[in-house]
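Please take a moment to look over the sequence and the fold shown below before reading on. The paragraphs that follow lead through the structure one part at a time.

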Amino acid sequence: MPRRTLALALALALVAAVAAVAAVLAGRACSASPAGLGAAALDHTRAILAFGPRPPGSAALDDVRRHLAEQLAACGWTSVEQPFDRDTPAGRVRFANLRARFADADPAAAWSRQVDLLLACHIDSKVIPGIDFLGADDAASAAGAILTIARHLANHHPAHARRIELVFFDGEESFGRDITPLDGLYGSRHYARQLKQWQTLPSHGIVLDMIGHRNLTIRIPSDTPPHLREALFQAARKARAARHFGVADAPITDDHVPLNLAGVPTIDIVADFPRAPWWHTPRDNLHLLSQDSLDASIHTTLTLIDSLLD
């Protein structure tokens, strides 16, 4: 073989080998966890908490967004940030939601196609004076669950993945003690305003919040759209998790509210936090969580997604 031809052949072989290794690594990054979905979500949650408290505008929250985007990219999802500024009781703050869609081979096309369902959570942690508040269940566990769901859909239900937009909201937590019309839900309010630019709104929305407590007790808001309430309870029964799900005594103020007001019927799958002594305390840490609870929440959510998209 001529020297130049041999050199070219060796170069092409090297390129092919590198591509093969990259494909194997990508496949491993997006492969199903052998220990199950709950264990995978707990691992993701642990990685998020390793960045420390993540209030809006912090370097830690920037790092979390980059981490989420990298994890999603490994499974074929493309992400964009949605930055915005707002006046808050703590002054002017720069926020950024993270949006993601299943890209396949054409990331540009992902953002031009219609989606039928929003799957969302918040990724900021509350600022509590004197406390390094991590927010393991409020709501790092939900972000870990969505990463796991995204990987599962990419591997097993790519047709459903193409019809979903993932949203990681910034600024759900208020800077004051409680959420008010002017403080809190910053990210979901901004996102809902941007929905006015969409030609066709998604048909459904699902918000996850505090879904990993070892004594899992989900109480959806009393004013949940009836068809979504029934669909959730059917999904919980199919997932053999019905004992964990019920209805709260009253409406709840969370990220689902702006989406419902914008015309996207949305269910908030949220813990019974008003009765939880750990809520907004240092007790909301990794030790509070259970992979079994995450597994129940994830399987119920996946079953709900199937019922809404089939």
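Which side chain meets that of arginine 99 in a salt bridge? The partner is glutamate 165, and the nitrogen-to-oxygen distance between the two side chains is 2.7 Å. Arginine 99 belongs to strand 2, which covers residues 91-102, while glutamate 165 belongs to strand 4, so this pair ties together parts of the chain that are 66 residues apart in sequence. Arginine 99 and glutamate 165 are both buried. It should be kept in mind throughout that this is a predicted model.

With that pair located, the wider setting can be described. The chain has 310 residues, of which buried ones make up 52%, and it has 10 helices and eight strands. Among the contacts in the chain with a separation of 6 or more, 77% are accounted for by residues 24 or more positions apart. The chain exposes about 13,900 Å², and carbon and sulfur atoms supply 56% of that area.

The salt bridges deserve a further look. Side chains of opposite charge can pair when their charged atoms come close. A search of the whole structure finds 13 such salt bridges, and one of them joins the side chains of arginine 65 and aspartate 170, with 3.4 Å from N to O. This pair links distant parts of the chain, since arginine 65 lies in helix 3 and aspartate 170 lies in the loop between strand 4 (164-169) and helix 7 (186-194), 105 residues apart. Both of these residues, arginine 65 and aspartate 170, are buried.

Aspartate 249 and arginine 275 form another salt bridge, in which the closest N and O atoms are 3.0 Å apart. Here aspartate 249 sits in the loop between strand 7 (245-247) and helix 9 (256-261), and arginine 275 sits in the loop between strand 8 and helix 10, so the pair ties together parts that are 26 residues apart in sequence. Where exposure begins at over 50% relative accessible area, aspartate 249 counts as exposed because its relative accessibility is 67%, and arginine 275 is likewise exposed, with a relative accessible area of 59%. Returning to arginine 65, salt bridges that share partners join Asp62, Arg65 and Asp170 into one network.

Helix 3, which holds arginine 65, has 15 residues and reaches 21 Å from its first C-alpha to its last, close to the 21 Å expected at 1.5 Å a residue. Its buried residues are Ala60, Leu61, Val64, Arg65, His67, Leu68 and Leu72. Seen down the axis of helix 3, these buried residues fall within an arc of 160 degrees, so they line one face of the helix. On the other side of helix 3, Ala59 and Glu70 are exposed. What covers the buried residues of helix 3 includes helix 2, strand 1 (77-88), strand 2, helix 5 and strand 4.

Alanine 231, found in helix 8 (residues 226-238), is buried, with a relative accessible area of 13%. Not counting residues up to four places away in sequence, alanine 231 touches Leu304, Ser307 and Leu308; from threonine 303, alanine 231 is 72 residues apart in sequence and 9.3 Å apart in space, C-alpha to C-alpha. Serine 290, placed in the loop between strand 8 (266-270) and helix 10, is also buried, with a relative accessible area of 15%. Beyond its neighbours within four places in sequence, serine 290 is in contact with Gly212 and Arg214.

Terms used
Residues are numbered from 1 along each chain as its sequence is written. This is a predicted model: local features need pLDDT of at least 70, side-chain atom pairs count only at pLDDT 80 or more; totals for chains, interfaces and linings use all residues. Side-chain values use heavy atoms; hydrogens and water are left out. Helices (H or I, at least four residues) and strands (E, at least two) are DSSP runs, numbered from the N terminus. Buried means under 20% relative accessible area, exposed over 50%, partly exposed in between (1.4 Å probe, protein chains only). Contact means heavy atoms within 4.5 Å. A salt bridge is a side-chain nitrogen of Lys or Arg within 4 Å of a carboxyl oxygen of Asp or Glu. The expected span of a helix is 1.5 Å times one less than its number of residues. The arc is that of the directions from the helix axis to the C-beta atoms. Accessible areas come from the Shrake-Rupley method with a 1.4 Å probe; for residues, only the protein chains shown count as cover.
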